[in-house]
Amino acid sequence: MKKYIKVTATFDCDGNLIPEYIYWDDNRKYPIDRITDVRYAASLKAGGAGIRYTCMILGKERFLFLEENRWFVDAKETK
Amino acid sequence: MNILNAVDQNKYKKDRVILHSDCNGFYASVECLHNPKLRNKPVAVSGDAENRHGIILAKNEIAKKYGVKTGEAIWQAKQKCPELETLSPHFDLYKRFSKMARRIYSDYTDRIESFGLDEAWLDVTHNIGKNGYETAIEINRRIKEELGITVSIGVSFNKIFAKFGSDYKKPDAITLITRDNYKDIVWNSPAEDLLYVGRATKKKLNKLGIYTIGDIANTPLGFLRKHLGKWGDLIYGFANGYDSSPVAHMNENSDVKSIGNSTTTPRDMKTFEDVKIVMYVLCDSVCRRMREQGFMSRTVGISVRDNELSSFTRQYTMDEYTNLTKDITTAAINLFKKSCKMQRPLRSIGVSVTDFVHDNIPHQMSILNNEERLMQNRELDKTIDRLKKRFGNYIVRPAVLIGDNGLSAFNPKDDHTVHPISYL
């Protein structure tokens, strides 16, 4: 399921946009420990396309997408 | 463009490598990407039925299997496929995806010529390290990965055969048409598969016993010319692989030959006042677009379609070149008055301008015209353009539009500016 989320990101001196923290529903702030890959990609699961950041968050690999000026992730559906 | 230039056999010393990339069911594919739940259902993107724009604009592969066709009415499509999901279009999204595809193409060449939002020719002759077919495979893969949609690509030595190739096998396919195989692939296909052979030309050709593209190629040119005029030269050249038109550079604006807007109104136009309201809106958009692009025009055209779908077009050439909204609107309304008696209610009308000169050419003042008024109107248009740009289309409007939002509440300039493009 596509879920737009709040992200804190910075521009480095070369103009690269680097996400640093993501914010979840419970208002908790999760730091992005490492970004292992950045590329243009589509997400068939969440339904969208943009720049995909492969992030390590709490030791797990997660995809974070920048779709124009919004960030989204593929979230598990809660029942 | 001179037609004979378009089919000049001796223009290039060496064969070019041209790709034509066509996004499959573009609007529907983009919608399905964004709505994963729809992916296994028959889906079509359609205009707004309530505003009587209810035709199918694009469909996905599943809907295609049911026989749903682009251009047919929603009810016709639903008869073939009752469970068809119809969605309203999101043109901004499609434009974004079109731009993303162009970004990928630009990694391989700077000669990219768009043909609508979903198609483009690429001249990759000078792409070092990969041949045309390999480049096509890579583009096909990247579009899938980066955009989440599929493309069919035709690879050939001219634009016409490349386009033919992208239509030949779809979706998600690559067709290579070379000098060795074009007679097997292209020539055995029906004549109407060739660009520029539409319904009317097909009918004419069939009457002459010409059914395939190979038949066109093997018919003596004089015979085709006799029956089709200069188009005979063109399709004869296309069928034989002589198309020599270049792929435009990505920074070149293709030559604008006309600017037009048309609309099907939410209700039929029954009186002249109704027509006048719609004409004002259309002329405002056409003139603003003309001024934005720095043109003045001398010829105004109108197209009219009544509620029984019979239609006609008329043109009028003015004495002077102009881009003033007032002049064009007056000319269009007068042309309409002269040519339409409104015996039946009207369903749609359109306004277009052609015959352009740049607006910076010196202006010969006339002692007969009221030049002061001309300058005032020019300033007025400039001011209105600025206001509309800053505060939106509806910030300032002619008084004639007040009171009938049913007919005038549309913005042809910005609503979905996907202007049709012609090949020549």
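Strand β7 of chain B, residues 151-156, is joined to β8(B) by 3 bridges, and the two run parallel. Two strands count as paired if DSSP finds at least two bridges between them. Within β8(B), L176(B) is the bridge partner of V155(B).

Before I continue, a word on the source. This is a predicted model, in which local features need pLDDT of at least 70 and side-chain atom pairs count only at pLDDT 80 or more, while totals for chains, interfaces and linings use all residues. Residues are numbered from 1 along each chain as its sequence is written, and chains are lettered from A and ligands numbered from 1 in the order in which they are written.

The strand pair belongs to an open sheet of 5 strands in chain B, ordered β5-β6-β1-β7-β8, with mixed pairing. At its edges are β5 (112-114) and β8 (174-176) of chain B, each of which pairs on one side only. From one strand to the next, the twist averages 15°.

Two helices pack on this sheet. Helix α5 of chain B, residues 91-105, touches β1 (18-23), β5 and β6 (119-123) of chain B, and its direction makes about 10° with that of β6(B). Helix α6 of chain B, residues 132-147, touches β1, β7 and β8 of chain B, and its direction makes about 170° with that of β7(B). Contact means that the C-beta atoms of two residues, placed from the backbone, lie within 7 Å. The axes are lines fitted to C-alpha atoms, for helices over the stretch in contact, and angles run from 0 to 180 degrees between N-to-C directions.

Let me turn to chain B as a whole. Its secondary structure comes to 16 helices and 12 strands. The C-alpha atoms of chain B fill a box of roughly 65 × 55 × 45 Å along the principal axes. Among contacts in chain B between residues at least 6 apart in sequence, 63% join residues at least 24 apart.

Chain B is divided into domain 1 (3-23 + 94-239), domain 2 (26-93) and domain 3 (258-408), with bounds from an automatic or database domain assignment. The centres of domain 1 and domain 3 of chain B, taken over C-alpha atoms, are 36 Å apart.

A nonpolar core is a set of buried Ala, Val, Leu, Ile, Met, Phe, Trp, Tyr and Cys residues joined through C-beta atoms within 7 Å. A residue is buried if 20 or more other C-beta atoms, placed from the backbone, lie within 10 Å of its own, exposed if 12 or fewer do, and partly exposed in between. Of the 66 residues in the largest core, L19(B), A44(B) and I216(B) touch the most other members. Helix α2 of chain B, residues 26-34, gives this core its largest share, 6 residues. Apart from this core lies another, of 25 residues, among them M279(B), A331(B), I349(B) and V353(B).

Leaving aside residues up to four places away in sequence, the residues that L19(B) touches include W121(B), I153(B) and V155(B).

By contrast, is I395(B) buried or exposed? I395(B) is exposed, because 11 other C-beta atoms lie within 10 Å. This residue sits in the loop between α15 (371-391) and α16 (405-408) of chain B. I395(B) touches L387(B) and K388(B), again not counting residues up to four places away in sequence.

Finally, chain A. Chain A has 0 helices and 7 strands. Its radius of gyration is 12 Å, close to the 12 Å that the globule rule gives for 79 residues, so chain A is as compact as a globular protein of that length. Buried residues make up 23% of the 79 residues in chain A, and 36% of the 424 residues in chain B.

Where the chains meet, 9 residues of chain B are in contact with 8 residues of chain A. On the chain B side, α2 and α6 are the elements that give two or more residues, and α6(B) gives the largest share, 3 residues.

Technical notes
Helix = DSSP H or I, 4+ residues; strand = E, 2+ residues; numbered from the N terminus. Rg over C-alpha atoms; globule rule 2.2 N^0.38 Å.
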